[in-house]
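Take a moment to turn the model around before you read on. The tour below goes from the whole chain down to single residues.

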Amino acid sequence: MLKDATAIVGIGQTPFAKHLPETEKTLACRAVLAALDDAGIAPSEVDAFASYTMEETDEVELAKAIGAGDVTFFSQAGYGGGGSCATVGHLAAAVATGQASVGVAWRSRKRGSGPRPWKNTAVQLPTPGQWTRPFGLLRPADEIGMLARRYMHEYGATRDHFFNVALACRNRANQNPAAIMYERPLTREMYMTSRWISEPLCLFDNCLETDGALACVVVSAERARDCRHRPVYVHAAAQGLPAQHHGMVNYWNDDPLSGPAWTAARHLWKRADFGPADVDVAQIYDAFTPLVPLSLEGYGFCGRGEGAAFTEGGALEIGGRLPLNTGGGGLSEAYVHGFNLINEGVKQLRGSSTAQVPDAATCLVTAGEGVPTSAILLRS
């Protein structure tokens, strides 16, 4: 029912920076209005919203501020960056089933200038956190650092493999004037001598901390043909929460390195008319460099334990086996819980990316690995 039934027809974003003076609500409104203008659709036609449970600007305030009409569908997806692609999937389902006609998904965040979520000690820890945070695993970097060390031990991954990921993202950011790391090259020496954040993760293994907002507009495939840009169809969408999963601290499972990507991927590919070998470009969630090889395995681009080796020989660069994160990703463009990966996927299939993959017609976009996750397949 959902296959190619809807399309993304508008994308918008604010500038990205370590600090922006506007509120998250103002940034959200600007991104949404930019996406609607890009689509050529009036705000009064919007009747559906989808966002993250961590989003501070709710649909009530956003709808009033932009001048939306009656809203007939609204949803939120949980688990931070794990919900990015789910927002598009929810809207695609709502539009395809007639619950709405014009949907807007967005994420607005002031992580660059705002507080760190883990600093609030007054909040009751979730159950998994009660077994890890008192012992020093306070931040996502600490939690993923543990998985990264396990991956290195089990499969022989090295810091050079993680550097390959960081370098590919930085190289693409160097082509993107909107990226925070535009015109700021990365070298192997810089990477290897940078300070530890949570060993084995160094500074450049970690995503940026960013203020900014992004949005996209989803309509039916029929309506999309009359919009301003070439439609980018939502070919398939999936979410994934594995059995007995413990978000970010999956250490005591029988297989800690088989994360939510594997569950999401099984459902994504069975709903698609093409497979991993047919993907022209990928936008893979990169809050931390080790998440990329883990995702390459989970989504079927290589076998178990082969994700690190997959990154060798320029495989992730333009012209490589799988060009990825062509706007710079969370590591080098901006970290807004992965929404910039969605918009970059649209740019690739429109042919308007600053690091365009020639003749790109299919794109995989993934949400956060290590937490309950989501993914979408886009096609032109």
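Here is a walk through this chain, starting with its overall build and ending with a few residues of interest.

This is a predicted model, in which local features need pLDDT of at least 70 and side-chain atom pairs count only at pLDDT 80 or more, while totals for chains, interfaces and linings use all residues. Residues are numbered from 1 along each chain as its sequence is written, and side-chain values use heavy atoms, with hydrogens and water left out.

## The whole chain

The chain holds 13 helices and 11 strands. Helices (H or I, at least four residues) and strands (E, at least two) are DSSP runs, numbered from the N terminus. Along its principal axes, the C-alpha trace spans about 55 × 50 × 40 Å. For 380 residues, a compact globule would have a radius of gyration near 21 Å, and the 19 Å of this chain agrees with that. This radius is taken over C-alpha atoms, and the globule rule is 2.2 Å times the number of residues to the power 0.38.

How much of the chain is buried? Buried residues make up 61% of the 380 residues. Here buried means under 20% relative accessible area, exposed means over 50%, and partly exposed lies in between (1.4 Å probe, protein chains only). The accessible surface comes to about 14,700 Å², and 52% of it belongs to carbon and sulfur atoms. Such areas come from the Shrake-Rupley method with a 1.4 Å probe, and for residues only the protein chains shown count as cover.

Contacts (heavy atoms within 4.5 Å) can also be sorted by sequence separation. Of the contacts in the chain with a separation of 6 or more, 77% are between residues 24 or more positions apart.

## The sheet

Now look for the sheet. In what order do its nine strands stand? The order in this open sheet is E3-E2-E4-E7-E1-E8-E11-E10-E9, with mixed pairing. Strand E3 (73-77) and strand E9 (281-283) are at the edges with a single partner strand each, so one side of each has no neighbour in the sheet. On average, neighbouring strands are turned by 25 degrees against each other, direction ignored.

Two strands count as paired if DSSP finds at least two bridges between them. The table lists three of these pairs.

| Strand pair | Sense | Bridges | A facing pair of residues |
|---|---|---|---|
| E2 and E4 | parallel | three | Phe 49 and Val 104 |
| E1 and E7 | antiparallel | seven | Gln 13 and Leu 214 |
| E1 and E8 | antiparallel | two | Ala 7 and Tyr 233 |

Strand E1 is mostly covered, as seven of its eight residues are buried.

## Helices across the strands

Helix H1 (residues 24-39) lies across E1 (6-13), E4 and E7 (211-220), and runs at about 130 degrees to E1. Helix H9 (residues 260-270) lies across E8 (232-240), E10 (362-366) and E11 (373-379), at about 135 degrees to E8. For these angles, axes are lines fitted to C-alpha atoms, for helices over the stretch in contact, and angles run from 0 to 180 degrees between N-to-C directions.

Eight of the 11 residues of H9 are buried, so this helix is largely enclosed by the rest of the structure. Among them are Trp 262, Leu 268 and Trp 269. The buried residues of H9 pack against E8, helix H10 (291-298), E10 and E11.

## Residues in the loops

The peptide bond from Glu 199 to Pro 200 is cis, with omega near 15 degrees. Pro 200 sits in the loop between strand E5 (196-198) and strand E6 (201-202).

Gln 244 is not a glycine, yet has a positive phi of about 60 degrees. His 337 is not a glycine either, and has a positive phi of about 55 degrees. Are they buried or exposed? Gln 244, in the loop between E8 and H9, is exposed with a relative accessible area of 64%. His 337, in the loop between helix H12 (329-332) and helix H13 (339-350), is buried with a relative accessible area of 4%.

Finally, find Thr 210 in the loop between E6 and E7. Thr 210 is buried, with a relative accessible area of 0%. Thr 210 and Ser 113 are 97 residues apart in sequence and 7.5 Å apart in space, C-alpha to C-alpha.
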